[in-house]
Amino acid sequence: CNLNISSHLVVELDAKAIMDVLGKSNYVNNFISLILDDCRLLASHFYRIQFNYYYRQANRYANSLARI
């Protein structure tokens, strides 16, 4: 499958551990390595991809505001 997506993707995560291991191609964990490999493969098809980390507390405030 040749996606070659020529757009910018911003991924926002509130899981610091996942964000850290996404940047480590040699990370091995039998439970999540396949999922991480899939994420890396999909990310490689974007022209530019940016991973941002946000504290869970900040997400909680945003979710509360969205419900108003």
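Which residues are buried in helix 2 (residues 33-43)?

**Figure 1. Buried face of helix 2 in the predicted model.** In helix 2, S33, L36, R40 and A43 are buried (under 20% relative accessible area; exposed is over 50%, partly exposed in between; 1.4 Å probe, protein chains only). These buried residues fall within an arc of 90° seen down the helix axis, so they line one face of the helix; the arc is that of the directions from the helix axis to the C-beta atoms. L34, I35 and L41 are exposed on the other side. Cover for the buried residues includes helix 1 (16-22) and strand 2 (46-53), where contact means heavy atoms within 4.5 Å. Helices (H or I, at least four residues) and strands (E, at least two) are DSSP runs, numbered from the N terminus.

**Figure 2. Salt bridge between D20 and K16.** The N to O distance is 3.0 Å; a salt bridge is a side-chain nitrogen of Lys or Arg within 4 Å of a carboxyl oxygen of Asp or Glu. D20 and K16 lie four residues apart in helix 1, about one helical turn. D20 is partly exposed at 35% relative accessible area, and K16 is partly exposed at 41%.

**Figure 3. Salt bridge between D37 and R40.** The closest N and O atoms are 3.1 Å apart. D37 and R40 are three residues apart in helix 2, separated by about one helical turn. D37 is partly exposed at 39% relative accessibility, whereas R40 is buried at 18%.

**Notes.** In this predicted model, local features need pLDDT of at least 70 and side-chain atom pairs count only at pLDDT 80 or more, while totals for chains, interfaces and linings use all residues. Residues are numbered from 1 along each chain as its sequence is written, and side-chain values use heavy atoms, with hydrogens and water left out.
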